[in-house]
Amino acid sequence: MIIDSHCHLKHGDVAGTEYSAEEIVRVMDAAGIDRSVVFAMQTTTRRSIEMARDAVAQFPDRLIPYVYALPSYDRPVIEELREALEEGFRGIKMHVGECRIREHISDPVFELAEELDVPVLMDLGGDLGTAQRLAAQFPQTKLIIAHLGQYKCTVEPLIGQFIEVAEAHPNVWLDASGVVMTYLIAEAVKRIGAERVLFGVDGPYPRPHEATGARYAIRQIEMLEISAEDKAMVLGGSVARLLG
Ligand SMILES: [Zn+2]
């Protein structure tokens, strides 16, 4: 079973592109993806809940919802997160691109994630210090570091340091979406085990060529010099275990 652990209902691109549940599932079908974790960003927490709830209502057997944690200074979002997670959302997304991941932003979310035993998928944009602090300070919270640490990173030592964070902290998983130094995904598998490396497309990218991006992401895992069991684990087993 192939599970995409990182799929956008609304992207972080300049246009804030939104994707319908139908579009996402069409790409999944074309690429051979069984299930996808879906979330919105570049919007409020409340809207992210509505978008994911509607998508999952249409495809309950295919889509798995995460809630987007973005602080609001008009009202606290912690209760909105809690309600969504208690209703069945399976994880939380945070993104450094829309707020600084300072203590007052991240820590209440990490406490809630520990309490409700859901992972936090966090795009840290290469902020190694914050990854180290959160991994150490919240050892009972499951932290998924997006893109092995930084989206489309070409600085090998930096990714090496993020893998070190995961080596040092068993509560850390690495998301292998948006990775251009493909061999570092294999490096991560060798150092922390396939159980803690998650396949993701960071799509769905239905345009201009349906499912090309998703197929490419799958091929990236299939071409790694790791065992067939490890490939299967990365492509779906690891996130299935993580989310129970
Ligand atoms: Zn993403």
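In which sense, left-handed or right-handed, does α2 pass α3? The model is predicted: local features need pLDDT of at least 70 and side-chain atom pairs pLDDT 80 or more, while totals for chains, interfaces and linings use all residues. Residues are numbered from 1 along each chain as its sequence is written.

Select residues 45-58, helix α2 (helices are DSSP runs of H or I, at least four residues, and strands runs of E, at least two, numbered from the N terminus). Its 14 residues reach 20 Å from first to last C-alpha, close to the 20 Å expected (1.5 Å times one less than the number of residues).

Next, colour the buried residues of α2: Thr 45, Ser 48, Ile 49, Met 51, Ala 52 and Ala 55 (buried: 20 or more other C-beta atoms within 10 Å of the residue's own, C-beta atoms being placed from the backbone). Their packing partners include β1 (3-10) and α3 (78-87).

Now display α2 with α3. The axes (lines fitted to C-alpha atoms over the stretch in contact, with angles from 0 to 180 degrees between N-to-C directions) come within 9 Å and cross at roughly 15°. The two helices are therefore roughly parallel (angles under 35 degrees). α2 passes α3 in a left-handed crossing (the near helix is turned anticlockwise from the far one by less than a right angle).

Finally, show Thr 45, Arg 46 and Ile 49 of α2, which meet Glu 80, Leu 81 and Ala 84 of α3 (contact: C-beta atoms, placed from the backbone, within 7 Å).

Definitions and conventions:
Buried ≥ 20, exposed ≤ 12 C-beta atoms within 10 Å, placed from the backbone. Contact = placed C-beta atoms within 7 Å. Parallel < 35°, antiparallel > 145°, perpendicular 65-115°, else oblique.
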